[in-house]
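Trainee: I have this one open and would like to go through it. Can we start with the terms and then move to the details?

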Amino acid sequence: MSYVFLGAPGVGKGTYAQLLSKKYNVPHISTGDLLREEVKKESSVGLKAKAYMDKGELVPDEVITYILKKRFKKKDCKNGFFLDGFPRNIKQAEELEKIAKIKKVIHFMADDAVIIHRITQRITCRNCGEIYHLVEKRPKVEGKCDLCSGELHQREDQKEDIVKKRLDVYRKETAPLIDYYKGKGMLFEITINEPIAQIKDWFLKKMDEVIIF
Ligand code: AMP
């Protein structure tokens, strides 16, 4: 049984998925992370994707679908997964139906001001990709990753003008999926404006209403 996490960039999907992945012991698959790994490896797919990612645009459907299909074949997916960042448009949603069985789509929502604050204050480890927040999740040592001591930096796509572009792309291309999945009776919606540390117990209990493994 698998679940899709839908929501604007910066809404916190990745953080929620990590929490749930630990609790239910199924992998968190983030297509953004998969692409960033390819970029880091400088693979041909990664080099192709980088130009789109730096501009805040979607990479071509066939590129991301190819990467995802490969990921689904790994053993850890056998009991299901939490999919974060895919589908991003209706074409990808139709593709997903052919390659996976999705139980529910969880739509995470937050106010625009909260989203911009969350995403533009983020810093990321150059080495392992762990994400910090200058207000809500500061590293123990400034500029260094708690996990691997890697250097922290602001990614190109975390800068304000690119964030705005990503939000535009989300509204135009991805938001239509909300009605698409509503129509199929698959959508569960939840709004979170507070830092997760303040509402973690409430959140996990709420997710128990939807997630069954
Ligand atoms: P994310 O970390 O999910 O916000 O993804 C970062 C970037 O990777 C996005 O801005 C896109 O350029 C690209 N990306 C991630 N997932 C997809 C997808 N499903 N389709 C197309 N591009 C994607």
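Mentor: Helices here are DSSP runs of H or I with at least four residues, numbered from the N terminus. By that count, Val45 lies in helix 3. Keep in mind that this is a predicted model.

Trainee: Which residues does Val45 touch, leaving out those up to four places away in sequence?

Mentor: Val45 touches Glu38, Val63, Tyr66 and Ile67 on that basis.

Trainee: Now the ligand. Which residues come nearest?

Mentor: There are 14 residues around the ligand, and Thr31, Glu57, Gly85, Gln92 and Arg166 come nearest. The shell divides into 6 nonpolar, 4 polar and 4 charged residues.

Trainee: Which element gives the largest share of that shell?

Mentor: Helix 2, residues 31-41, with 4 residues.

Trainee: What sits by the nitrogen atoms of the ligand?

Mentor: The side chain of Thr31 has an N or O atom 2.8 Å from a ligand nitrogen. From the backbone, a polar atom of Gly85 is 2.9 Å from a nitrogen of the ligand, and an N or O atom of Val59 lies 3.1 Å from one.

Trainee: How much of the ligand does the protein bury?

Mentor: The ligand taken alone exposes 470 Å², and the protein buries 94% of that.

Trainee: Back to helix 2, then. Which of its residues are buried?

Mentor: Thr31, Gly32, Leu34, Leu35, Glu38 and Val39 are the buried ones in helix 2. They lie on the same side of helix 2, because they cover an arc of only 165° around its axis. On the other side of helix 2, Lys40 and Lys41 are exposed.

Trainee: What covers the buried residues of helix 2?

Mentor: The cover includes strand 2 (28-30), helix 3 (44-55), helix 4 (61-72) and strand 3 (82-84).

Trainee: Why does Ile119 count as buried?

Mentor: Ile119 has a relative accessible area of 1%, and buried means under 20%. Ile119 also touches Pro9, Gly10, Gln158, Val163 and Arg166, leaving out residues up to four places away in sequence. The C-alpha atoms of Ile119 and Pro9 are separated by 7.6 Å, although the two are 110 residues apart along the chain.

Trainee: Last topic, Thr124 in strand 5. Buried or exposed?

Mentor: Thr124 counts as buried, because its relative accessibility is 3%. The side chain of Thr124 makes a polar contact of 2.9 Å with the side chain of Gln158. The residues that Thr124 touches, beyond those up to four places away in sequence, include Glu130, Ile131, Leu152 and His153.

Trainee: Where is Glu130 found?

Mentor: Glu130 is in the loop between strand 5 and strand 6. At 19% relative accessibility, Glu130 counts as buried, since the cut-off is under 20%.

Trainee: Which side chain does the side chain of Glu130 make a polar contact with?

Mentor: That of Lys137, at 2.9 Å. Setting aside residues up to four places away in sequence, Glu130 touches Ile123, Thr124, Cys125, Lys137, Cys145 and Leu147.

Technical notes
Residues numbered from 1 in each chain as written. Predicted model: local features only at pLDDT ≥ 70, side-chain atom pairs only at ≥ 80, totals over all residues. Heavy atoms only, no water. Near = heavy atom within 4 Å. Polar contact = N/O pair within 3.5 Å; in protein donor to acceptor, adjacent residues only side chain to side chain. Areas by Shrake-Rupley, 256 points an atom, 1.4 Å probe, with all protein chains shown as cover. Helix = DSSP H or I, 4+ residues; strand = E, 2+ residues; numbered from the N terminus. Nonpolar A, V, L, I, M, F, W, Y, C, P; charged D, E, K, R; others polar. Buried < 20%, exposed > 50% of the residue type's maximum accessible area, 1.4 Å probe, protein only. Contact = heavy atoms within 4.5 Å. Arc of directions from axis to C-beta.
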